[in-house]
Amino acid sequence: MMKYKDIVPIGTVLIIAATSFGLGAIYGNWPYDINTLWRATDPNGFSKSLVHYQTWANAPMYVHYVLHAIAFLGLVGHFIKLYKPDEDAIYFEYGSLALFMIAIVIYLTNMRTGINAAITGEWGEVDSSTGLNVIAASQVMIILVLVGVLVLQGGLYYAQWYDAELKKEFYENEAREAALAAERQAKQEEDIIAGDGGGDNVEVIAEKDGTAIDIKGKKKKKSTVKKRKYHAHVNPALFVSVAMGVAAPVLLLATPLRRKYLYADHEPIPMVYPLPNRPRDANLKGYDD
């Protein structure tokens, strides 16, 4: 039976495929938009662009349904990856979904409205040339957000690959050091037994890792510096939370110590206008005082 982690790559494929399809669809409109939005060398540029978008709007509905279905598959891919997101990658996933939704909203509000106006001729408060430029500019915005989706997905893949490489290297070093420590321990036990004739209370200190080992091979204490470095990289949120929790007592004592040895608190800012320290003048009327 497939596990969730086996389905996550399918979500990534759906996201990249839907995003690439959207970029390809916009690329097909580029030859017409380039003569309206980017340059004005072709005097018939707007008329050609208008005919192009009218053709697109008059296409059979299944042509439009294909684009909508692929956009839906892109959303499905995002929801697959957000069902049980990795804590280290959750912001990548939510950012990718937000950009993808922005592209869909721009398509529905600007492009669909624009191609419908190309058929009806009702451009609202603007003329047809401005309306065509709005369609072209909307596609530029869609390109930017869809490229952002690809960048986030690529960055997430690289981050996960790099993290896996670091974990692999870490575990290999741990296994290598454990093997060397076991070898040193066995050799030291042989030397102790040969020199002292045996003993149950003899303690040996390993030369490199500083670990105390008794003759039975049991470690009495173990350095945790490497484990701390590992968790600081792999689980930064957990590491910072523990560090802040440990530092909490120091932070609680910071204010009393500062008041006692450094400087006192400043005078509180008045919340109302100060009243004069005198009796009120009885001869004043209204708001004179």
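Glu93 and Lys81 form a salt bridge (a side-chain nitrogen of Lys or Arg within 4 Å of a carboxyl oxygen of Asp or Glu), with their closest N and O atoms 3.1 Å apart. Glu93 lies in helix α4 (residues 90–120) and Lys81 in helix α3 (residues 61–83), so the pair ties together parts that are twelve residues apart in sequence. This is a predicted model: local features need pLDDT of at least 70, side-chain atom pairs count only at pLDDT 80 or more, and totals for chains, interfaces and linings use all residues. Residues are numbered from 1 along each chain as its sequence is written, and side-chain values use heavy atoms, with hydrogens and water left out.

**Salt bridges**
- A search of the whole structure finds three salt bridges.
- Lys48 pairs with Asp42, with 3.1 Å between the closest N and O atoms.
- Lys167 pairs with Asp163, and here the closest N and O atoms are 3.4 Å apart.
- Lys167 and Asp163 are four residues apart in helix α5 (residues 128–196), so about one helical turn separates them.

**Accessibility**
- Buried means under 20% relative accessible area, exposed over 50%, and partly exposed in between (1.4 Å probe, protein chains only).
- Both Glu93 and Lys81 are buried.
- Asp163 is buried at 19%, whereas Lys167 is partly exposed at 28%.
- Lys48 is partly exposed, at 43% relative accessibility.

**Annotated spans**
- An unreviewed UniProt entry places "transmembrane region" at residues 7–28, 62–83, 90–110, 130–152 and 230–254; feature names are shortened, positions follow the numbering used here, and annotations may be inferred rather than shown by experiment.
- Helices are DSSP runs (H or I, at least four residues), as are strands (E, at least two), numbered from the N terminus.
- Residues 62–83 are 100% helix and 0% strand, with end C-alpha atoms 31 Å apart.
- Residues 130–152 are 100% helix and 0% strand, with 33 Å between the end C-alpha atoms.
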